[in-house]
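This report describes the pockets of one protein model and the residues that line them. The sequence and structure come first.

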Amino acid sequence: MSTFDQTVEEINHRRVNRSKRPARRNIVVIGIIIIIALLAAGLFYYQTTRFNSQITINDTKVGGLTADQAIKKLKTSVLKNRVFVGEQQIFDGKDTQMGFTEEDLPRVKKLLKSQWTFFPSSKETNYSLIPQKADQYRSQTMKKEVEEKLLSMNKSLKAPIDASAKLEQGEIVISNSIDGEQYDITGLLKDYAEQKYTSDIHLKPVFLQPIKADSPIIKEEEKTLQDLLGRTVDYNVQGKVYTLNASELIKNAFVTKEMNVTITMSDIKNKIAEINSAQSTLNKNFSFKTHSGSVISVKGKGYGWALDVGKETTQVQQAFEKGEKSIPASNIYGNGWSNEGIGYETTTNNGIGDTYAEVSIAEQRIWIYKKGKLVLTTHVVTGKHSTGEDTSPGVWYILYKRTQYTLKGTAVGKGDYAVKVDYWAPFTNSGQGFHDASWRTNWSGNAYLTAGSGGCVNTPPSIMKTVYENLSTYDPVVIY
């Protein structure tokens, strides 16, 4: 073989070898691709079936676990049930099982799917998952115990003091608020209800806040007190009206949470006492014009009235507090049969009126007037003077009336007695009154001195019926 032929053969051999090299490289590349694909598929499968490394559910680590493995672990997980407010642990409840069951597996799988990343992730994520059949201990029993604990803690903590608008010595004064240390239990329990289902419950400290001096509430209180000072009450006593001014009488007051006024100090009682002193007739002397035209002074005894100053003060104070414009006096008392005040409705004839009975001990006679007119007069015999059983002078009133009545009592020197009368009209609580006396024979003008009654006004039987018919319950009886 010539040199040329050898050269050509070598060249062809080299060409064949060069054509085989790319085929080998292709096989390697394909192999690498297959390996990478297998690894990627394995990684993808792993990532889709297992949680990332730093994943927790309710503080329970489930990193690297499948959903089945995770639910198995959650089934045995325990809640420590500790409660913290800020950094302070305030409650350590009993341990409880989380309560997961196979019914919760679909939800765990859903979390697994939601946390998926193509490449493994070390991002820390804690998911909160409440079991389908969660124990009610935490949401009910434990919540109540935490509330009781907070209430107990608050008792030893300084309470906040609200700003307030008050009336002090007639002036409106606004005090500043003062912060306290007590917890806002409502706010903390709201936070508690929103906490995740983990062993430790961390509540952000929330404190009760006082009402500030510049708040709308205080401004409304101030306006309410200003309104109070502008109020007046027309106080009607026996038809006479007294205009009472809050600005003059009310010293101290405050406004309740319901925006109602409460008066704590005032001069109302002094004012009512002043009015009572000027108008009441109880135990006072009545100016009385007798049948003869002379004017005398007669002490009020059973007849007369007065204001119950204490009760009237309360009534007027409440009228100011409620904003009432006018009120009548309504708490009246006296020396009546049941402590009633008699004569309040009467203003004429110096409070005695124009219908009354007049008894003159000196003249031993009575006069009965109705509507200002004399309807009858008769001689009588009053109480026995020599034994001190005189008929009691004063202004009295007819307590009640009875017919066919038995009088019982004790007479000086005679002991107990019981006599029947046809008509009886008492005027004193002690038992003095008008009645017929069929047993009496001495009707002389001076019979009362040594042969008078036991205190009653003996009236001739022949006229007693007319006397009885012209007397009415509550009619004044003036004895002098």
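In this predicted model, strand β24 gives the most to the lining of the largest pocket, supplying six residues. β24 spans residues 402-411, and it is joined by β25 (415-426) and α10 (447-451), each of the three elements supplying at least two residues of that lining. In total, 27 residues line the largest pocket. Those that lie nearest its centre are A411, Y417, S453, G454 and G455. By class, the lining holds 10 nonpolar, 12 polar and five charged residues.

The second largest pocket is lined by 13 residues. I130, R138, S139, A193 and Y197 are the closest to the centre of this pocket. Two elements give two or more residues to its lining: α4 (137-155) and α5 (185-193). Of the elements, α4 gives the most, with three residues. Sorted by class, the lining of the second largest pocket has six nonpolar, three polar and four charged residues.

| Pocket | Volume | Lining residues | Element giving the most to the lining |
|---|---|---|---|
| Largest pocket | about 610 Å³ | 27 residues | β24, six residues |
| Second largest pocket | about 240 Å³ | 13 residues | α4, three residues |

Conventions:
Residues numbered from 1 in each chain as written. Predicted model: local features only at pLDDT ≥ 70, side-chain atom pairs only at ≥ 80, totals over all residues. Heavy atoms only, no water. 1 Å grid on protein atoms, 1.4 Å probe; cavity = no way out; pocket = protein on both sides within 12 Å on 5 of 7 lines; lining within 4 Å. Points joined across faces, edges and corners; volume = space filled by probe spheres on them. Helix = DSSP H or I, 4+ residues; strand = E, 2+ residues; numbered from the N terminus. Nonpolar A, V, L, I, M, F, W, Y, C, P; charged D, E, K, R; others polar.
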